Amino acid sequence: MNKSFIKKINDLSLKIKPIFDKSDHIKYVTDWRGNFHGQASVILKPINTEEVSIILKFANENNVSVVPQGGNTGLCGGATPIDEMDSIIISTEKLNKIRGINRSSKSITVESGVILSDIHTNVEKLDMFFPLNLGAKGSCMIGGNLSTNAGGVNVLKYGNTRDLCLGIETVLPDGKILDLLSDLKKDNTGYDLKNIFIGAEGTLGIITAATLKLFPLPKLSITAFAETNNISNAIKLLNFFLNELPNGIEAFELMPKTFWEVASNNINNINLPLKEIPKMGVLIEISSSSSKDSEPNKNGFIPLYEKLESLLSFAFEKSIISDGTICKNQLERNQLWHIRESAAESEKKELETTGAIKCLKHDISLPLENIEKFHLEAQKMIKSFAHNTRTIFFGHLGDGNLHYNIFGNGLEPDGFNNKSLEVTDNLYQIVKNFDGSFSAEHGIGQLRKKSLKIHKNPVAYNLMKQIKLQLDPSNIMNPGKIFSNL
Ligand SMILES: Cc1cc2nc3c(=O)[nH]c(=O)nc-3n(C[C@H](O)[C@H](O)[C@H](O)COP(=O)(O)OP(=O)(O)OC[C@H]3O[C@@H](n4cnc5c(N)ncnc54)[C@H](O)[C@@H]3O)c2cc1C
């Protein structure tokens, strides 16, 4: 390593010692799935916004690329440096302070390295609720959630991370601090700059803090599982619930037979909610913050529970569902949610053990009315490339978001007659034909940058490039992510 570079970094006098030793870089230079590998010249762990500013000013003046990293749970390689460059990784793990909770405006201001589940724990103690929730909540950080505009299981009721953010503090590529922290619900003072940084995947600056919306902690949440025989019944059930309980549905997750097979293969001592693996199923979570719904009435029954029972019975009578169960206690709820939240982990293990060679991961969204048609067309297309592949799809049906993952048939070279790239391209074209998006919630990173160029509206794509070049003319911020070239 270049001695003068080491000296310059040491001269920044950061509180936490820079990590130069490559043997200590391993967990920072590989992504969660193990698909992307890079290298870094140094890993820095700033402890406050001022230190982030010092680092970015240095990087800009010396034309050194910078890769921001939170919990490194991203699924598109956005937090992994690209191989050809010797970047600085800025880990936000020490930016982990809760700056304040405002009970009257129902908001919390946190630094970007606070772990998502730590936000949950801290606000729940005060009877408040931060609804962003995803399988990686124990390790992903709020700066990463904002930078990917993460979705998760509660989007149906509360929106994506963007919808939960009132204000942010960002350090720009030249080191300037842009303080847009605020808990105002209304602020029409020109362009909404905070939203440029949300979903920017670290290509425009480093988010150092954010003010987030909080909600009353639900007094009661109930989880149920219902078997529907096909996707269109699952959608009928969703619409029925949305009409009957317009503000009550927190989550509506599609879990078809192939999902359950992978879960059963890879989760120890799994408890199935129904006797048999369902052909098609949905996990439904409803909640209420009102005592009227959540406390026993004069007959000793809990109204929200009764409502759910009556909705499921009605759906059964109308043949929308063929079976169903309501979790009786917290343990049953936790078991069901554990299966759903382990989906990414289960698939990872399935790939390691079945020798499928490759699994093509797709994170798509579609208008609800087109999901079944899309699925039929997609299956036809996949079969035209290779036989005996397996499609494991599941996802946030309430948001029209499917994780549509295709396991290869195990035959060399790639399990898809060497055509895996074409399978994905064709799949995205079908998504487009049905008015959907090829990237619903995980972002672009390195994985989908070629697809972005092909499928994004060209005027929008060029405008995005112009914004990038205006804010970061030397392209030091997370180069090689979102755009193949500028
Ligand atoms: C088991 C599992 C389940 C998941 N479930 C979901 C899900 O349901 N919904 C969903 O949307 N995602 C899901 N994900 C993906 C992932 O958890 C999210 O993308 C998450 O928001 C990433 O947060 P992170 O802190 O790990 O970010 P990282 O992976 O560290 O970074 C992600 C991107 O953000 C940038 N970045 C990180 N911090 C900052 C910052 N402070 N400033 C600027 N840029 C920054 C990085 O450079 C990178 O481009 C899941 C992942 C796993 C492993």
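1. **The model.** This is a predicted model, in which local features need pLDDT of at least 70 and side-chain atom pairs count only at pLDDT 80 or more, while totals for chains, interfaces and linings use all residues. Residues are numbered from 1 along each chain as its sequence is written.

2. **Overall build.** The chain holds 16 helices and 18 strands; these are DSSP runs numbered from the N terminus, with helices being H or I of at least four residues and strands being E of at least two. A compact globule of 486 residues would have a radius of gyration near 23 Å, and the chain agrees because its value is 23 Å. The radius of gyration is taken over C-alpha atoms, and the globule rule is 2.2 Å times the number of residues to the power 0.38. Along the principal axes, the C-alpha atoms fill a box of roughly 75 × 60 × 45 Å.

3. Three strands form an open sheet in the order 1-3-2, with parallel pairing, where two strands pair if DSSP finds at least two bridges between them. Its edge strands are strand 1 (40-44) and strand 2 (66-69), each of which pairs on one side only. From one strand to the next the twist averages 20°; axes are lines fitted to C-alpha atoms, for helices over the stretch in contact, and angles run from 0 to 180 degrees between N-to-C directions. Strand 1 is joined by four bridges to strand 3 (residues 87-91), and the two run parallel. I43 has I89 in strand 3 as its bridge partner.

4. **A helix on that sheet.** Helix 2 (residues 49-61) packs on the sheet and touches strand 1, strand 2 and strand 3, with a direction that makes about 170° with that of strand 3. Two residues are in contact if their C-beta atoms, placed from the backbone, lie within 7 Å.

5. Five strands form an open sheet in the order 4-5-9-7-8, with antiparallel pairing. Strand 4 (98-102) and strand 8 (177-180) each have a single partner strand, so one side of each is left without a neighbour in the sheet. Six bridges link strand 7 (residues 165-171) with strand 9 in the antiparallel sense, and I168 stands opposite A210 in strand 9. Strand 7 also forms a hairpin with strand 8, with five residues between them, and G175 in the turn has a positive phi of about 100°.

6. **Domains.** The chain is divided into domain 1 (3-91), domain 2 (98-216), domain 3 (220-341) and domain 4 (355-444), with bounds that come from an automatic or database domain assignment. The centres of domain 2 and domain 3, taken over C-alpha atoms, are separated by 29 Å. Six residues of domain 2 are in contact with seven residues of domain 3.

7. **The ligand.** Which residues are the closest to the ligand? Of the 38 residues that surround the ligand, the closest are G70, G74, G78, G143 and G144; a residue is near a molecule if its C-beta atom, placed from the backbone, lies within 6 Å of it. The elements giving two or more residues to this shell are strand 2, helix 4 (142-148), strand 9 (206-213) and helix 12 (343-354), and helix 4 provides the largest share, five residues. Domain 1 and domain 2 each supply at least three residues to the shell.
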